[in-house]
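Subject: Structure handover and findings

Dear colleague,

Please find the structure below, followed by an account of what came out of going through it.

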Amino acid sequence: MVDPLGPGRDLSRFVLPEIGRLVETGEPQEPYRLLDPSGLPVAPVASFFAELQAASRPTTTIRSYGMDLLRWFRFLWAVDVAWNRATRTEARDFARWLQLADKPVRVHWRYQRRGVAVPAPRSVGAKRAEPGTPNPVTGKPAPGRKYAPSTRVHSETVLRSFYDFHLEEGSGPIINPFPLDRFRRGRANAHHNPMEPFRHERQGRYRPRVPKKLPRRIPDEMFNALFAALKYNRDRALLAAWVSTGARADELLTSRQLDADPGQQLISVTRKGTRESQPLPASPDAFVWLRLYQEEAWLQGVPRAVGCRCGGRFDVRGGR
């Protein structure tokens, strides 16, 4: 079989085949499973997922690692190379392809359910920023056509960890296709000055450099305009709690009726990584808007919760 990535092949035109898939099983012992083109589980990935679960990695991390592994295995299936026969040539070509290739354009799941082959056209007059253009308010760039450096960094980390695991188990190649930088061998921070912070000296050879970015922000006047545009006290309480606690949106949406403690100015959320409940300090304004929302709910006939420290039901996920 002719290697499609042989000499003279234009990597920028190489199209990654949409074969294999990562499926959610719903089983606690194996939340995600990587399937090959024939629909059979990929055994080396399954054992790696078990190692991640044993190391107390959350399910979201397993899914994130699985997407990077799916992309790598699709690349290997396309060039007809077994995963345990991959060399640094395949790793180098894969790293180059991630730099040159455009991200695949997939049909949104809403249109897939309708049986539409292509996305519906945007409404007349709708404007969309060019890829990579920063937002004039927050400074956040629009998604570009190429894979972002952070995506390539994450992919290199996942694949190097995957082969390190199988190298230790003796089930993979004797040499990791994704090695460390040849100029950074030896013990990391061997001559570290205790007066200076540690540097990242354990860096992969094919790991791109990610430029340091300034923290994104929204001007005070724009935040005030956003807050004034909200119509309901529930939304105002959510926004005030989100900004003051610094919690992720999905973490804040896990709060229940007993998780608000106005006396201590705390709101408990379930953290993403540990999945443990942790109280976070919130601003007094957040509890003021929460109380106003509760009064409206009680007037509509919502029953008061028994033993709730906030004086009634606190459930940001619904109207009760």
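A residue is called buried when its relative accessible area is under 20%, exposed when that area is over 50%, and partly exposed in between, with a 1.4 Å probe and protein chains only. By that rule, 34% of the 320 residues of the protein chain count as buried.

This is a predicted model, in which local features need pLDDT of at least 70 and side-chain atom pairs count only at pLDDT 80 or more, while totals for chains, interfaces and linings use all residues. Residues are numbered from 1 along each chain as its sequence is written, and side-chain values use heavy atoms, with hydrogens and water left out.

Fold elements

Helices (H or I, at least four residues) and strands (E, at least two) are taken as DSSP runs and numbered from the N terminus. On that basis the protein chain has nine helices and five strands, and their order from the N terminus on is β-β-α-α-α-α-α-α-α-α-β-β-β-α. In the loop between strand E5 (277-281) and H9 sits Ala282, which is buried at a relative accessible area of 11%. Ala282 and Trp242 lie 40 residues apart in sequence, and their C-alpha atoms are 8.5 Å apart in space.

Aromatic pairs

A pair of aromatic rings is described by the distance of the centres and the angle of the planes. Here, rings of Phe, Tyr and Trp (its six-membered ring) are paired if their centres lie within 6.5 Å, and planes under 30 degrees apart count as stacked, over 60 as edge-to-face and the rest as tilted. The structure holds 21 such pairs. One of them is the tilted pair of Phe48 and Phe165, with 5.8 Å from centre to centre and 50° between the planes. This pair links distant parts of the chain, since Phe48 belongs to helix H1 (residues 43-54) and Phe165 to helix H5 (residues 149-169), 117 residues apart. Phe48 counts as buried at 3% relative accessibility, and Phe165 counts as buried at 10%. The rings of Phe162 and Tyr163 have their planes at 80° and their centres 5.1 Å apart, so this pair is edge-to-face. Phe162 is buried at 0% relative accessibility, as Tyr163 is at 1%.

Salt bridges

A salt bridge is counted when a side-chain nitrogen of Lys or Arg lies within 4 Å of a carboxyl oxygen of Asp or Glu, and the structure holds 13 of them. One of these joins the side chains of Glu156 and Arg207 at 3.3 Å, N to O. That pair links distant parts of the chain, with Glu156 in helix H5 and Arg207 in the loop between H5 and H6, 51 residues apart. Glu156 is buried at 4% relative accessibility, whereas Arg207 is partly exposed at 27%.

The side chains of Arg248 and Glu251 meet in a salt bridge at 3.0 Å, N to O; here Arg248 is partly exposed at 42% relative accessibility, while Glu251 is buried at 2%. Glu295 and Arg291 also form a salt bridge, at 3.5 Å from N to O. Because Glu295 and Arg291 are four residues apart in helix H9 (residues 284-299), about one helical turn separates them. Glu295 is partly exposed at 32%, and Arg291 is partly exposed at 35%.

Surface patches

Patches are made of residues with over 30% relative accessible area and no salt bridge, where like charges are joined within 9 Å and nonpolar side chains (Val, Leu, Ile, Met, Phe, Trp, Tyr) within 5 Å. Lys and Arg count as positive and Asp and Glu as negative, with His and the chain ends not counted, and the place of a charge is NZ of Lys, CZ of Arg, CG of Asp or CD of Glu. Accessible areas come from the Shrake-Rupley method with a 1.4 Å probe, and for residues only the protein chains shown count as cover.

Glu51, Asp164, Glu168 and Glu169 form a negative surface patch, to which H5 gives the largest share, three residues. Glu169, in helix H5, counts as exposed at 53% relative accessibility. A nonpolar surface patch is formed by Val137, Ile218, Met222 and Leu226, which together have about 290 Å² of accessible area. Leu226 lies in helix H6 (residues 220-229) and is partly exposed at 40%.

With best regards
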